[in-house]
Amino acid sequence: MPDLTIQDSDCLLIIDVQNDFCQGGSLAVPDADAIVPLINELSPQFATVVLTQDWHPAGHSSFASSHAGKQPFESITLPYGEQTLWPDHCVQGSHGAEFHPRLACDAAQLIIRKGFRSAIDSYSAFYENDHTTTTGLTGYLQQRGIRRVFCVGLALDYCVRYSAVDARREGFDAVLLEHACRGIDMNGSNDAALAAMKEVGVVIDS
Ligand code: VGL
Ligand code: ZN
């Protein structure tokens, strides 16, 4: 196990802890609210804290409601590949898009909004789902001298997974703090996510 003592060159990346992914939300992740106090304990230990915020225009192409005859959790092929369809969620400016009311976010220095292009979904904090369009996060972290990214948040099997994998792709060390994540877990997707992260060298800390 590598040394997980927190350094100045570490960043805490808090992924999508928003009302729509929490209890009562339109795409609620089981037990999501339980991670809020855990993240609130972690944040003050990091000099660099970044939040991501899923931020879709109404009628986004990842919404099942945008495709006639399609139901949430079915998938379709978009120009950039396979896309799972979701209930409408995290619409720009809506209550569901706001951070969980008890998430302590005052000390965070950057909020990366993603999924704001109607035609492309974005799970990762680094790249949209075409795996080409960047969010700018790599440059920000590099210029802040960050070498390692600790990932927490929602959902383990989607946005957390792709963010951790892309952190490795961008040359950062990456640590998944599994106890501070929750997944949607469709058809074994939590286990698949953990395997995919391990495969590229993400350190899984339970
Ligand atoms: C997410 C599905 C759709 C996530 C975002 O935050 O994991 N999942 N949009
Ligand atoms: Zn989304």
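**Helix packing, core and loop geometry in a predicted model**

In this predicted model, the axes of helix α3 (residues 156-169) and helix α4 (residues 189-199) come within 9 Å of each other and cross at roughly 5°, where axes are lines fitted to C-alpha atoms, for helices over the stretch in contact, and angles run from 0 to 180 degrees between N-to-C directions. Helices (H or I, at least four residues) and strands (E, at least two) are DSSP runs, numbered from the N terminus. The crossing angle makes α3 roughly parallel to α4, a label given to angles under 35 degrees, with those over 145 counted as roughly antiparallel, 65 to 115 as roughly perpendicular and the rest as oblique. On the α3 side, the contact (heavy atoms within 4.5 Å) is made by Leu 156, Asp 157, Val 160, Arg 161, Ala 164 and Val 165, and on the α4 side by Ser 189, Asn 190, Ala 192, Ala 193, Leu 194, Ala 196 and Met 197. These residues divide into nine nonpolar, two polar and two charged, with Ala, Val, Leu, Ile, Met, Phe, Trp, Tyr, Cys and Pro counted as nonpolar, Asp, Glu, Lys and Arg as charged, and the others, Gly among them, as polar.

Residues are numbered from 1 along each chain as its sequence is written, while chains are lettered from A and ligands numbered from 1 in the order in which they are written. Local features need pLDDT of at least 70 and side-chain atom pairs count only at pLDDT 80 or more, whereas totals for chains, interfaces and linings use all residues, and side-chain values use heavy atoms, with hydrogens and water left out.

Within α4, the buried residues are Ser 189, Asn 190, Ala 193, Leu 194, Ala 196 and Met 197, where buried means under 20% relative accessible area, exposed over 50%, and partly exposed in between (1.4 Å probe, protein chains only). Seen down the axis of α4, these buried residues fall within an arc of 165°, so they line one face of the helix; the arc is that of the directions from the helix axis to the C-beta atoms. Their cover includes α3, β7 and β8 (203-205), while the face of α4 turned away from the buried side carries the exposed residues Asp 191, Lys 198 and Glu 199. Just after α4, Gly 201 takes a positive phi of about 95°.

In helix α1 (residues 35-42), Ile 35, Val 36, Ile 39 and Leu 42 are buried. Viewed along the axis of α1, its buried residues fall within an arc of 120°, so they line one face of the helix, and they pack against β1 (10-15), β6 (148-154) and β7 (173-182).

A nonpolar core is a set of buried Ala, Val, Leu, Ile, Met, Phe, Trp, Tyr and Cys residues joined through side-chain atoms within 4.5 Å. The largest such core has 61 residues, of which Leu 13, Ile 14, Phe 126, Leu 137, Leu 141, Leu 176 and Met 197 touch the most other members. Not counting residues up to four places away in sequence, the residues touched by Phe 126 include Leu 13, Leu 137, Leu 141 and Phe 172.

The peptide bond from Leu 154 to Ala 155 is cis, with omega near -15°, and Ala 155 belongs to the loop between β6 and α3.
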